[in-house]
Amino acid sequence: MTESFLLAGLLNVFDPANLLAIVAGTLIGIVVGSMPGLSATMAIALLLPLTFAMPPETGISMLAALYLSAMYGGSIAAILLRTPGTPAAAATVMDGYPMAMKGKAGQALGISLTASLIGGVISSIVLLTFAPLLGSLALHFGPVELFAVAVLGITIVGSLSSGAMIAGLFSGVLGLLIATIGMDPTTGTPRFTFGELNLFSGVPFTVALIGLFSIPQAIRLILQGDANKDAAVSSIADRMLPRFKEFRALLPNIVRSGGIGVMTGLIPGTGGDTACWFAYNEAKRFARNKHEFGTGCPAGIAAPEAANNAVVGGALVPTIALGIPGSSSTAVLLGAFMVHGILPGPTLMTDHAEITYTLLWAVLFANIALFIVGLLFTRLCVSVTKVPNRVVAPIIVVLAVVGSFALNNSYFDIMLMLVFGMIGFAFDEFKIPTAPLVIGLILGPILDASLQQSMLIGQGSWMIFLENPISAVLLAIALFSILQATPIFGLAKKLRYRSSGPRNL
Amino acid sequence: MGRILVAIAAIALAVFFRVEAADYRIAASRLPDVVGAVLILLSVMLIVQVLMSWRKASAQGELTIFPKVEPRAILLGVAFIVLIFAYAWSIQTIGYLVATPVFLLVVLVVLRPIHWLWTIVITATVTLVIWAIFIYFLKMPILLYPGS
């Protein structure tokens, strides 16, 4: 069965419309990624309304290509401006900019592009192999297990939010509460709608996404101005592609970093920003020329770039197989499924197999497209990095307003989008992570439906979740991830340290 | 301080939802009740966490409850937010083809990030490209100009 779906997906990718969408997504991704301050998540959220007019597989393939290529685009700004275009390119600045300052901007970008290709291909192979396997396992899950998976998803994403575990969990649970607005799936009772017909079908997820990711970004760009663009490298004069000898020397580092990227992507709540530093540090640890890191060392560019592109495939495994996104970018990508009326969950791999398997192949082909488009257009992207932030900001607002209207042709959605924009801005300012909120919004309906069904199976008893072994284990892990975010865990660690004493150190 | 305000707002929301859900059937109120209770708990933990960090900062003589923000940045941020809301409102009343160029021109003329000629070119291009994609190709039924 899986083989036939894989074949159908492969044939679908070769459809000219899909190939064109992949190339277009790649180009948009490189351009967006190369503009400092613009994230892949925001670009996907803003382009979501456009995909409404496309067949689902075409639209989703375009967005996946955009997500992937924005990772490389981020390195263009990192190398030329010393400002990462995306958080995932933060580590690339360390060696990319010094290399560009030595007049080797082309070489730095070429290494980045090559490493991105290999990291991306490794992760695509993992995605094509493991997503169907995990998907077939998840098919045996009933509502009880699904409830536990959703609870685990939200707690892991919340508790892994870097440096803000309680805030992350808070954000995720707030997302779940907002997701309860609308008709109850079992009884049809309108909940918290206050007679507003536009809320009967719930808070439109895509509208919330556009607001959360675009409006705060636009405000930030206005406030930042263009202070960081003075140190820019303004041209690429040297050769981009690395020579074979150079490539061979970098290959083990690229493959290792790709592996790190895939593993990091698989863990919900972590992403390219974590993977790039992890891979950079490992590359430095394994290198003989450690002292050269930070001065324009090729390995210092290859490692983070291979890792951040490999994250994409890894992050898509739980997103596609379980319907549980691990990051804001994959959550937005899952939103593309929802725009086309496809609900996330394990049925993505069966009921909507043709679309899902097309996406799996699209990720692989997007890597190849990225390499070709990158070679052809990177030099042009140099001019994109010079576009002032204060020009980009109002354009983002126009796209957000028009895009949120386009989803349901509703002015109410524009105002709702702005409300979420304000929530997103407040969250950013007060350092409360937004990604768990988005994931809460996605998982809310799954949690709601699976809870109702489980309670029916368990005849109203909550014990049903503990009697089922899979659900009990998953909930225990969820509880552990919550506890380690609380002072209780810290207290327990202190007590254990005191009882064992410093002799164990 | 901001986190405390967000946490208090979340508690208020959770309590309000709980009161509202009291009239719903058990099945409909089950998840909002559970999630609301967890949200209140996490909000309290968030407040306690901030208070503890204040106590620590106070002991080190580094306590700042309201971080310093430049008045110009506040003014700029508030003005831009007001402008965004005004644009969202005006697009429903005076239409896309009037509201969009006015919004772009106001931002680009006041902040002057580029030469005035580029301001005109970008305003016209953005308005037309978005019109072509969303309104011409996707047939989005948005008001174009007053009375259209």
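How much of residues 6-141 of chain B is helix and how much is strand, and how far apart are the end C-alpha atoms? Over this stretch chain B is 82% helix and 0% strand, and the end C-alpha atoms are 37 Å apart. Helices here are DSSP runs of H or I of at least four residues, strands are E runs of at least two, and both are numbered from the N terminus.

## Basis

This is a predicted model, in which local features need pLDDT of at least 70 and side-chain atom pairs count only at pLDDT 80 or more, while totals for chains, interfaces and linings use all residues. Residues are numbered from 1 along each chain as its sequence is written, chains are lettered from A and ligands numbered from 1 in the order in which they are written, and side-chain values use heavy atoms, with hydrogens and water left out.

## Chain B

The unreviewed UniProt entry annotates residues 6-141 of chain B as "domain: DUF1468". UniProt also lists "transmembrane region" for residues 31-52, 73-89, 95-111 and 116-138; such annotations may be inferred rather than shown by experiment. Residues 95-111 are 94% helix with end C-alpha atoms 24 Å apart, and residues 116-138 are 96% helix with end C-alpha atoms 32 Å apart.

The domain assignment, automatic or from a database, divides chain B into domain 1 (2-59) and domain 2 (71-137).

## Interface of chains A and B

Contact (heavy atoms within 4.5 Å) links 59 residues of chain A with 59 residues of chain B. The two chains bury about 5,300 Å², 86% of it on carbon and sulfur atoms; this is the accessible area (1.4 Å probe) lost on being put together, summed over both parts. In chain A, A:Phe170, A:Leu177 and A:Phe192 lose the most area to chain B, together 12% of what that side buries.

Several elements of chain A each supply at least two residues to the side that touches chain B, among them α8 (165-179), β2 (190-191) and α15 (389-408). The largest share, 13 residues, comes from α15(A). The count of salt bridges (a side-chain nitrogen of Lys or Arg within 4 Å of a carboxyl oxygen of Asp or Glu) between the chains is zero.
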